[in-house]
Amino acid sequence: MFQRTIFRQAQAARSILSTSPSTASLALRRTTQQRMPALRPFAPQTSRFFSTEKETKEGENAEAEAEAENTDAKKLEAKEREVIELKDKYLRQVAESRNQIERNKRDMDAARKFAIQGFSKDLLDSIDNLDRALLAVPKDQLSAAKTEENKSLHELVEGLEMTQRIMLSTLEKHGLERFDPGQLVEGKAQKFDANLMEATFMAPSPNHENGDVMYVQSKGFRLNGRVLRAAKVGVAQNA
């Protein structure tokens, strides 16, 4: 059967070749079209695929970037707080150092000013004894003219007064000064001052106002403005 089919095709070919070229070409084209199955036009089929992997990666990248930005913001905020705390601590230390320097300076000044406080207290008794020695001499003898009989007494009193003046002047150079509440101020007696004086007694006095100092038992002393010893006085109390 196969041979018969080949033989028929050969006869058809001869008949085609025996005809004219145009007729043969047309017959060959028809025979070819009959023998070959009809070809359908190729239409490429396009399929649309949606990939979620890329979107997932983009979402993860966005979350990672947002988390990184949030972390950087938290780190920056923590650093700013740390800077503020360090600055505050530095300013506190600077202020404390300055205060300590000022305290040390005041302590040094006080130590220098009151270094002779103990020594001055020891001298107060000697100054008081000089006052007592001068008060022991009767005023009428001192007011009398200087003669051969009272010459020694006058010279003794002058020597005591000179010694007292030199001693007080020397102490004043070192900040020790004596104050006398018995001295009149503008012709009036001084009022009692509890910061400078100590009242040993209070009594009525017709010649003084209430609260006036009417008697001085011992004078007071100040060392660089600080009361070293309060004056002991008697105060008038008429009310």
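pLDDT (the predictor's confidence in each residue, from 0 to 100) stays under 50 over residues 19-24, a stretch with 2 contacts beyond four places in sequence, where contact means heavy atoms within 4.5 Å. For the chain, the mean pLDDT is 80, and 77% of the residues reach 70 or more.

This is a predicted model, in which local features need pLDDT of at least 70 and side-chain atom pairs count only at pLDDT 80 or more, while totals for chains, interfaces and linings use all residues. Residues are numbered from 1 along each chain as its sequence is written, and side-chain values use heavy atoms, with hydrogens and water left out.

- Helices (H or I, at least four residues) and strands (E, at least two) are DSSP runs, numbered from the N terminus.
- Strand 4 (residues 220-223) pairs with strand 5 in the antiparallel sense over 3 bridges, and R222 stands opposite V227 in strand 5.
- The hairpin of strand 4 and strand 5 has 2 residues between the strands, and N224 in this hairpin takes a positive phi near 55 degrees.

**Helices across this sheet**

- H154 is in helix 6 and counts as buried at 10% relative accessibility; buried means under 20% relative accessible area, exposed over 50%, and partly exposed in between (1.4 Å probe, protein chains only).
- Not counting residues up to four places away in sequence, H154 touches Q141, L142, A144, A145 and K146.
- Q164 also lies in helix 6 and is buried, at 10% relative accessibility.
- With residues up to four places away in sequence left out, Q164 touches I127, L130, D131, L134 and R178.

**Nonpolar cores**

- A nonpolar core is a set of buried Ala, Val, Leu, Ile, Met, Phe, Trp, Tyr and Cys residues joined through side-chain atoms within 4.5 Å.
- The largest nonpolar core has 10 residues: F114, L123, L124, I127, L168, L171, L176, F221, L223 and L228.
- Helix 4, helix 6 and strand 4 each supply at least two residues of this core, and helix 4 gives the largest share, 3 residues.
- Leaving aside neighbours within four places in sequence, L171 is in contact with L123, I127 and L176.
- Another core, of 6 residues, lies apart from the largest one and includes F179, V213, A231 and V235.

- A second open sheet of 3 strands has the order 2-6-3, with mixed pairing.
- Strand 2 and strand 3 (213-218) stand at its edges with a single partner strand each, so one side of each is left without a neighbour in the sheet.
- The twist in this sheet averages 30 degrees from one strand to the next.
- Strand 2 and strand 6 (residues 231-236) pair in the parallel sense over 6 bridges, and V233 in strand 6 is the bridge partner of A199.

**K191 and its surroundings**

- K191 sits in the loop between strand 1 and strand 2 (197-203) and is partly exposed, with a relative accessible area of 43%.
- Leaving aside neighbours within four places in sequence, K191 is in contact with M197, E209, N210, G211, D212 and V213.
- The side chains of K191 and D212 make a polar contact (2.9 Å); a polar contact is a pair of N or O atoms within 3.5 Å, and within protein one must be able to donate a hydrogen and the other to accept it, with residues adjacent in sequence counting only if both atoms are side-chain atoms.
- K191 and M214 are 23 residues apart along the chain, and their C-alpha atoms are separated by 9.3 Å.

Technical notes
Two strands pair if DSSP finds at least two bridges between them. Axes are lines fitted to C-alpha atoms, for helices over the stretch in contact, and angles run from 0 to 180 degrees between N-to-C directions.
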